Amino acid sequence: MTFTISNSLCLVFLALFCSSLSSAQEPKQKRPNIILIMVDDLGYEAIESYGGTSYKTPNINKLAATGMQFNQAYAQPLCTPTRIKLMTGQYNFRNWEAFGILNTKQKTFGHLMQDAGYATCMVGKWQLQSYDPPEYPGSEYRRGRGMKVSDAGFDEYSMFHAAHTEDKGSRYADPTIFQNGKILSDTKGKYGPDIFTGYLNDFVGRQNEKPFFVYYPMALTHGPFTPTPNSSAWAKPENRLEDNTIHFKDMVEYLDKIIGDIVTNLEEKGLRKETLILLYSDNGTHQSITSQMGNRTVRGGKGLTTEAGIKVPFIANWPGQIKAGGNSDEFVDAIDFLPTILEVAKTPVPKGFHTDGESFLSVLKERPVLRRDWVFMSYNPKPGWDKDQFALAEFVLNSHYKLYGDGRFYDIKNDVLEKDTLATTKISPQAKAIKDRFEVILDSLKKYPSYGWIERLDPALDSLVSKHARIELVAEGFNWSEGPVWEPQGQKILFSDVPENKIYQWNNIDGLSLYMAPSGYTGSNAAIKGKGSNGLILDPKGDLVLCQVGDRAISKLISLKDSLSPKFQPIITHYNAKRFNSPNDLVYDNNGNLYFTDPSFGLGDKKSDLGFNGVFFYGKNGELRLLDDSIKAPNGIAVSLDNKTLYVADSDTNFPKILAYDLVADGKVSNKRVFFDATELRNNSISKQSPDGMKIDVHGNIFLAGPDGVLIISPSGKHLGTIRTDKKTGNCAFSDDGRYLFITADDYLLRVNLNPYSK
């Protein structure tokens, strides 16, 4: 049989084939390029298009006139908090570590844009790895920490301040610049911002295969306030590093020149129409600078939470995509840039990646969109060199009102400097409704849920535990949590789960993980329950020392190759050739001597070899001495700050108490006495718990785990109040700066920021 195909059908096949061939040969439409420029230390009052009259900014004005200018753009009061929000798209309370440090486990918009197929480049100032100089307290725990610029998600980079603070050099004249793994050697007589901009312009001209994303965190206009190449003082090399606010005007105007250079380069390379430019600032102008907005004088507010510190310029420009002359009152925060950039790149936010931001692309396109009509800030500039002067803050604002976490409420529309707090009893119903709504927002934007409450028995407690302090439940699911110790090197808390024979670690960024197992019983059946470590402490050299219940010893951790391979060195195991009962808690005095308790709690049905429960001294010279064998249930132990008093918690159910002894010499005590009687508290408690672990704060107050939580007891023995957990509570520990108290309570790990809004 013969088959034939009609002429008309052949034509159809031919048309389909040609169409398919044409589609295969037609190049895919290139996704938009994006350049994000973040100015350093420049408030909106410095820009002419915002009404500034002190400086000439024609290139920025042109971007605003041919693009969209935002009137409600905000940043954090200082640069690092803004930079971390901007690059990760998250509020600082989720991933803040320390000033000048970006945690290495974070993903930046550089990483995400690389994954999206973009060529990525960063030029300008880094300052997110190792910020503190060596002499700053605590710097030994932070130096070397943070994300290396080479690991931040950018294919190429040319950056200032890419490592230690004291080695950073100049960012302006004769700059120190780390470029693609090498320090530039030919910068003598050159100007840093010119090098950064030149590298940016060269990079965008080399991207023929991929769309590009460029992040330019500028050096300008951060101090020192030095001459620019357009300043008359630049002519003499010896004047180029002169720091004087008189040069600030030239710096602003040179910044504007750089913006013009970037735009001109895009135009010359035929890239302007396919490139979105976003111009933003990291915080307000330095407080030493005053600028004019017509007849109005505006003092810079860098570091402050008022408008001058947080309201910044933001202009978006994209020819053919953003209508010229746009003006928006939509609220924009640093967290909003990451989701916007991804949406412009036609890339969804990756599954499992959290961002608090909301894209503003629809605003740029003038499409209807429902976005938040407020801005929230969680501001924490600590720890870090030169940041002790600043206080932590949380607040919510809209264009009219502002509420702080400590209850201050302002009419910022009419009280820009926030001089007069609005009393709740005197505000309008409309303002009251906004305040109530802001309170809900503040309560909802917490990383961890609240738990428990604080019982206040004496006004003196308010200076130790602020009225604004909140108990946070940061981890749960343990069998019995105990023995917490703060580990400054990793900025984390270590604590025992005694029945599970484990030690866990927790920090605010990485959360909870296993630190080691086994921890207290290392025999052949290491999985045995109820025999883990209890009290933990760092010795004077910073090594971890453990009360090992199962091994009936006090030991030092000497190796931890991985969490399942700890190696211990026993320090003391016997007294008078007899094994200890179950060492429970321990403390070092100011001279490096160790004091510890040895009750029989961990023996179970076994008989004590010693025949008593003891309090012991172990000197730094290796001397072991029994201090007291008459306490029924010795538990927590502490030494006063002046090294003159030893405190021991007695968990005797019939007479629960804290005992005090005079330390008359190393390992010698006298004048045993009852310091605090907890009998009535125990009898009236929910938990029916006796005194347990304890710590002493910098003022000499005792924080005692006991009936229904952590009791705060003054140096004179007065009960000031209780951090109520209303469950059995084992122990507590302070962070190295004394700001946080960690509490191990049964199956919970709790945290309290004792003075959340203090300096």
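The model is predicted: local features need pLDDT of at least 70, side-chain atom pairs count only at pLDDT 80 or more, and totals for chains, interfaces and linings use all residues. Residues are numbered from 1 along each chain as its sequence is written, and side-chain values use heavy atoms, with hydrogens and water left out.

**Surroundings of Arg272**

- Arg272 is placed in the loop between H7 and strand E8 (275-281); helices (H or I, at least four residues) and strands (E, at least two) are DSSP runs numbered from the N terminus.
- The side chain of Arg272 makes a polar contact of 2.3 Å with the side chain of Asn317. A polar contact is a pair of N or O atoms within 3.5 Å; within protein, one must be able to donate a hydrogen and the other to accept it, and residues adjacent in sequence count only if both atoms are side-chain atoms.
- A polar atom of the Arg272 side chain also lies 3.0 Å from the backbone oxygen of Thr275.
- Not counting residues up to four places away in sequence, Arg272 touches Leu63, Val263, Leu266, Glu267, Ile277, Asn317 and Pro319, where contact means heavy atoms within 4.5 Å.

**Overall architecture**

- The protein chain contains 12 helices and 43 strands.
- Of the 759 residues in the protein chain, 59% are buried.
- The C-alpha trace spans about 100 × 95 × 60 Å along its principal axes.
- Of the contacts between residues at least 6 apart in sequence, 60% join residues at least 24 apart.

**Aromatic rings**

- The structure holds 45 aromatic pairs. Rings of Phe, Tyr and Trp (its six-membered ring) pair if their centres lie within 6.5 Å; planes under 30 degrees apart count as stacked, over 60 as edge-to-face and the rest as tilted.
- Phe70 and Phe314 form a stacked pair, because their ring centres are 4.6 Å apart and their planes stand at 25°. This pair links distant parts of the chain, with Phe70 in strand E2 (residues 68-73) and Phe314 in strand E11 (residues 314-317), 244 residues apart. Both Phe70 and Phe314 are buried.
- Tyr191 and Tyr254 have ring centres 5.2 Å apart and planes at 85°, so this pair is edge-to-face. Tyr191 lies in the loop between strand E6 (182-183) and helix H6 (192-205), and Tyr254 lies in helix H7 (residues 248-268), 63 residues apart. Both tyrosines, Tyr191 and Tyr254, are buried.
- Ring pairs join Phe70, Tyr280, Phe314, Phe337 and Phe360 into a cluster.

**Charges over rings**

- The charged end of Lys311 sits over the ring of Tyr44, 5.2 Å from its centre; the criterion is NZ of Lys or CZ of Arg within 6 Å of the ring centre and within 35 degrees of the ring normal.
- The charged end of Lys365 sits over the ring of Trp318, 4.9 Å from its centre.

**Two further buried sites**

- Gln505, in strand E21 (residues 502-507), is buried with a relative accessible area of 17%. The side chains of Gln505 and Lys492 are joined by a polar contact of 2.7 Å.
- Ala345, in the loop between helix H9 (337-344) and helix H10 (361-364), counts as buried at 0% relative accessibility. Not counting residues up to four places away in sequence, Ala345 touches Arg31, Met113 and Tyr118. The C-alpha atoms of Ala345 and Pro211, 134 residues apart along the chain, are separated by 8.9 Å.

**Backbone geometry**

- Most residues other than glycine have a negative phi, and most peptide bonds are trans.
- Leu220 and Thr221 are joined by a cis peptide bond with omega about 10°; Thr221 is in the loop between strand E7 (212-217) and H7.
- The peptide bond from Lys382 to Pro383 is cis, with omega near -10°.
- His161 has a positive phi, near 60°, and counts as buried at 3% relative accessibility.
- Asp708 has a positive phi, near 70°, and is buried with a relative accessible area of 6%.

Technical notes:
Buried < 20%, exposed > 50% of the residue type's maximum accessible area, 1.4 Å probe, protein only.
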